[in-house]
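User: I am new to this structure. Please show me how to read a few of its features.

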Amino acid sequence: MADYPDIRVINIAAFERTTPFRFPFRFGVAKVMQAPQLFVRVVIEDGQGRSAIGQSAEMMMPKWFDKSADLTTDDNINQLRRSVTLAMEAVQTAGQSTPFGLHARILADHGEACRQHNLPGLVASYGLALVDRAIIDGFCRLHGLTIARAVQTNALGITSETTPDLSGFDLSGFLAKRVLRPSIAIRHTVGLGDVLWNRDLGKADQLNDGLPQTLEDVIAIYGHRFFKLKASGHIDQDISRLLAIANVLDQKVGQYQLTIDGNEQFENADHVANLIGRIEGEGGLKNLWKSTLFLEQPVARAVALSQPLGDLGTKIPFEIDESDDAIGAFLAARDLGYRGISSKSCKGFYRAILNCARVASWNTTAGSDQYFMSAEDLTTQGGLALQQDLVLANLIGARHIERNGHHYVAGMAGASTAEQAEYLNLHPDLYHATANGQARLSIQNGQVSLASSNDAIGLGCAVTPDWKAMAPLAF
C-alpha cells in the first residue's frame, strides 16, 4: 500500500441542474421526461496543509432507487437529496484518514441515519457514493495521480474492513493487477417503449435532432454489437417484444450478444421460469437466446433475496442489481444461486471494487469463471458522471457497459456552452461536436474511447464543472 498522509474534509457542497430528455425513459411502468443531475464539490486537506478540490456527479433518477407507488417523483428526488446531505454531514466530522478509511468510518452511521429518515439502502448508497467519488477525485488531484495509479498502488487505502469475508484474500495483489483498456463496447438499452424500425416512427414523433431514435438507426449509426433488452413481466407481451427485437437484430446485426433486464417485474422464480420456457419454445428467438449472457434482477427486491433460484439458476446466469443495497448483498445472493452483480457508480466506487475482488476470489476457489460482474447504467450523463462511471467499469475489467444516457438525452443537455467546449477540448476522443458546438458522445463501431479518461489526473475527468451555471442543492 502506498504511503500518503491522511486527509480530512474541510468543505463540501452540492449543486444541481436539470437534464431534459429527448423522449421518455421507462423504469417498469414509470415514464421519466427529465431529471436533475447532482454535483458534489469537496475540499480536502492533508496533514501537511496541502489541499485540493474533488468533484462527482450523478443523475437523481426517480422510480429506481425506491419504486414505492406511494411516492411521487419529487418524493424520490428529495430522498436522494436527503441522502447526499446526510453523507456530507457525516464526512465533515469523520476526522482524518485515508480516502477509504473515511468511507469505512462513516458507512454504518450513514446507513443508520438514512434508516431514521426512512430511506432504503439504495438511496443511502447514492449519497455516500457521490461523497466518496468526490474525495477520491480530490485525493488523486492532490497527489497528481490517475485513478489507475491510485488503485494499483492502493494509495486510497482500500482494506477488507467492510468486507471481512475477504480478510484472507490478497487484496493488494488484486488491485495491482487492475489494468485499464483503451476502449470499451457499449451495450445499447432497448427500452420498453423504444421504436424498433424507422417505418414505425410517425412523422409527429420524429425529433430531427441529429441523433438516432429507432433501434434500426442506432445500429446503423453507432455499430453496436451488444444490447440490453427490458422485460415487463407480462409474458405474452415480452415474447412478442423479444420476437420483434430479434427480427431487427438478426437482420441488421447478425452476430450479437445481449442481456435481459427484468427490472423487478417478476413475482418470483417460477414467473421467470415461465418466461424462459416460452423463449426456449420460440423458434424465432433461437439466436437471441443463444446470444443472451445473463438475466438481470427479474424478481422484485422485496423478495429476491429470500427465494432461492434453484434449478433455474443452472439454465442461465442471474445477477442482482436493485437488490444490491448494501456491501453484503452479493454474499446473500450467491447463496441463493445468483452468480453476478452489477457495477453502478450510484451504488459506490468501493462496493464495485470489493465485489470485483469477491468475484476473483470465488472464481479462484471454484476453478472456473462462474461468478461475474457487469457494468450497468442509470441514464448516466455525458461529462463528469459518465467518465467516472467509465473508469470504474474499466477498473473492474468490464469489456462492455450498458450505456443509455446519451440515447435519451441530446448530448450534454443542461450543461453550459463553456463546459461543453472544455470537454471537447480536453476529451476529444470521447466526444464530438455538432454543427452548433454541442458535445455528444462519440461511439465508433459500437465502442467508446477511454484513453483521455484513463490518463486524466483525478477520477477520470480533466474538466471542472461550470459551478456558476448550477443551483445550490436545497429542499
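User: Does threonine 153 count as buried or exposed, and why?

Analyst: Buried means under 20% relative accessible area, exposed over 50%, and partly exposed in between (1.4 Å probe, protein chains only). Threonine 153 counts as buried because its relative accessibility is 18%. Keep in mind that this is a predicted model: local features need pLDDT of at least 70, side-chain atom pairs count only at pLDDT 80 or more, and totals for chains, interfaces and linings use all residues. Residues are numbered from 1 along each chain as its sequence is written, and side-chain values use heavy atoms, with hydrogens and water left out.

User: Where is threonine 153 found?

Analyst: Helices (H or I, at least four residues) and strands (E, at least two) are DSSP runs, numbered from the N terminus. Threonine 153 is in the loop between helix H4 (147-152) and helix H5 (171-176). Lysine 177 is 24 residues from threonine 153 in sequence, and 9.7 Å from it in space, C-alpha to C-alpha.

User: Which polar contacts does the side chain of arginine 403 make?

Analyst: A polar contact is a pair of N or O atoms within 3.5 Å; within protein, one must be able to donate a hydrogen and the other to accept it, and residues adjacent in sequence count only if both atoms are side-chain atoms. The side chain of arginine 403 contacts that of aspartate 389 at 2.6 Å. It also has a contact of 3.0 Å with the side chain of aspartate 377. Arginine 403 sits in strand S11 (residues 400-403). Arginine 403 is buried, because its relative accessible area is 1%.

User: What span does helix H2 reach from its first C-alpha to its last?

Analyst: The expected span of a helix is 1.5 Å times one less than its number of residues. Helix H2 (residues 99-116) has 18 residues and reaches 26 Å, close to the 26 Å expected.

User: Where is the kink in H2 centred?

Analyst: The bend at a residue is the angle between axes fitted to the seven residues ending there and the seven starting there. In H2 the kink is about 40 degrees, centred on leucine 107. Buried residues of H2 include Phe100, Leu102, Ile106 and Cys114. Asparagine 118 follows H2, with a positive phi near 60 degrees.
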